[in-house]
Amino acid sequence: MRKTFLIFLGPPGSGKGTQAELLAKKINLPIISPGDLLRHELELDTDLGKEAGPIMAKGILVPNKITNKLVAINLIKSQARQGAIFDGYPRNMNQLKFLIKKLDKVANEDNNVYGVYIEVSDKEVKERLGGRRACDCGAVYHLKYNPPKIDEICDTCKKKIYIRKDDKPEVIGSRLKVYYKETKPVLNFWSKKEKLIKINGEQSIEKVQQDIIKKLKQRRVID
Ligand code: AP5
């Protein structure tokens, strides 16, 4: 059976999470997002959450041994029998090598493994993260572009939404630096293999989603 593994790439705030969520509903694949998994650990106040929390608040990467392990566990847990969507992973060359090794066991040349790169400028990143509001259930809003139906309340779980600690302007700067230094080489890897689907992320949420679907269909990744 042909499997589909899509790796969403792009700077912080480019819309990876938003788009991964919309696509997952449409093509029925599980999402593996270390960012969401780590925030869940943080919320539960586990040892892992205690270790990762201060690192995430600084906008730098959590050690590879933690994220790689989380991904390996969740690949099994999510029963990625038909594939999976990775949101925010791999983010450096160590993680990329780890994932390729993992996928080697389940994916071969017949399978669809693509990077989906959502391109947005640094200026747009700052605008988006400045207005972002998050919920513990994983839902993401933007005060201007994607507000909740009721002010400050999550549409899905009705909890109060909040500003992520790493969405402060000084932290956004260091997240962008980490992205250019660590994650750009991952992007270049997929590009050299001609397995990178580039999407103009500076369009409405709906238009970005339509472009992703159009390009995945063109490559026969989805029907
Ligand atoms: P993570 O949660 O993965 O953060 P990120 O990659 O920085 O990405 P974001 O979640 O900030 O943004 P996004 O691209 O998903 O955009 P979103 O859809 O929310 O990681 C957080 C931290 O965890 C890291 O800094 C690190 O410490 C740790 N971590 C995670 N993964 C790791 C790994 N692999 N290795 C090591 N450490 C790791 O959209 C942003 C906003 O814009 C929202 O408000 C949204 O509503 C809005 N929006 C989205 N699309 C549009 C649009 N088209 N037009 C207008 N607004 C839009």
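**Entry 1. Arg-132**

I started at Arg-132, which is buried, with a relative accessible area of 12%. The cut-off for buried is under 20%, so Arg-132 qualifies. I note here that the model is predicted. Arg-132 belongs to strand S5, residues 132–134.

Next I listed what Arg-132 touches, leaving aside neighbours within four places in sequence. Val-140, Tyr-141 and His-142 are in contact with Arg-132. Tyr-162, Ile-163 and Arg-164 are also contacts of Arg-132. Asp-167 and Arg-175 complete the list for Arg-132.

**Entry 2. Asp-167**

Asp-167 came up as a contact of Arg-132, so I followed it. Asp-167 sits in the loop between S6 and helix H7 (169–192). Is Asp-167 buried or exposed? Asp-167 is buried, at a relative accessible area of 6%.

I then checked its partners. Not counting residues up to four places away in sequence, Asp-167 touches Leu-129, Arg-132, Ile-172 and Arg-175. With Arg-175 there is also a side-chain polar contact, at 2.9 Å.

**Entry 3. The ligand**

Which residues come nearest to the ligand? I found Thr-18, Ile-60, Arg-91, Arg-132 and Arg-175 in that position, out of 37 residues around the ligand. Two of these names, Arg-132 and Arg-175, were already on my page as contacts of Asp-167.

For Gly-15, a backbone N or O atom lies at 3.1 Å from a ligand oxygen. Arg-39 uses its side chain: an N or O atom there is 2.8 Å from an oxygen atom of the ligand. How much of the ligand does the protein cover? The ligand on its own has 1000 Å² of accessible area, and the protein covers 97% of that.

Then I sorted the shell by class. I recorded 15 nonpolar, 14 polar and 8 charged residues around the ligand.

Helices H1 (16–27), H2 (34–44), H6 (122–130) and H8 (205–218) each supply at least two shell residues, and so does strand S6 (140–142). H2 gives the largest share, 4 residues.

**Entry 4. The sheet**

I traced the strands next. Five strands form an open sheet in the order S2-S3-S1-S4-S7, with parallel pairing. S2 (31–32) and S7 stand at the edges. Each of these two has a single partner strand, so one side of each is left without a neighbour in the sheet.

I took the S2 edge in detail. S2 pairs with S3 (residues 83–87) in the parallel sense, over 2 bridges. Ile-31 stands opposite Ile-85 of S3.

Then I moved to S4, residues 112–119. Of its 8 residues, 7 are buried, so I call S4 mostly covered. S4 runs parallel to S1 (residues 4–9), and 6 bridges join the two. On its other pairing, S4 is joined to S7 (residues 196–200) by 5 bridges, again parallel.

Which S4 residue is the bridge partner of Phe-8? The partner is Val-116. Val-116 also stands opposite Ile-197 in S7.

**Entry 5. Helix H3**

I checked burial along H3, residues 47–58. The buried residues there are Gly-49, Ala-52, Gly-53, Ile-55 and Met-56. H2 is part of what covers them. Just after H3, Gly-59 takes a positive phi of about 80°.

**Entry 6. Asp-155**

My last stop was Asp-155, in the loop between S6 and H7. Asp-167 lies in that loop as well. How accessible is Asp-155? At 25% relative accessibility, Asp-155 counts as partly exposed.

What does the side chain of Asp-155 reach? It reaches the backbone nitrogen of Lys-149, at 2.8 Å. Setting aside residues up to four places away in sequence, Asp-155 touches Tyr-141, Pro-148, Lys-149 and Ile-150. I also took one C-alpha to C-alpha distance. Asp-155 and Val-140 are 10.0 Å apart in space and 15 residues apart in sequence.

Definitions and conventions: Residues are numbered from 1 along each chain as its sequence is written. This is a predicted model: local features need pLDDT of at least 70, side-chain atom pairs count only at pLDDT 80 or more; totals for chains, interfaces and linings use all residues. Side-chain values use heavy atoms; hydrogens and water are left out. A residue is near a molecule or strand if one of its heavy atoms lies within 4 Å of it. A polar contact is a pair of N or O atoms within 3.5 Å; within protein, one must be able to donate a hydrogen and the other to accept it, and residues adjacent in sequence count only if both atoms are side-chain atoms. Accessible areas come from the Shrake-Rupley method with a 1.4 Å probe; for residues, only the protein chains shown count as cover. Ala, Val, Leu, Ile, Met, Phe, Trp, Tyr, Cys and Pro count as nonpolar, Asp, Glu, Lys and Arg as charged, and the others, Gly among them, as polar. Buried means under 20% relative accessible area, exposed over 50%, partly exposed in between (1.4 Å probe, protein chains only). Two strands pair if DSSP finds at least two bridges between them. Contact means heavy atoms within 4.5 Å.
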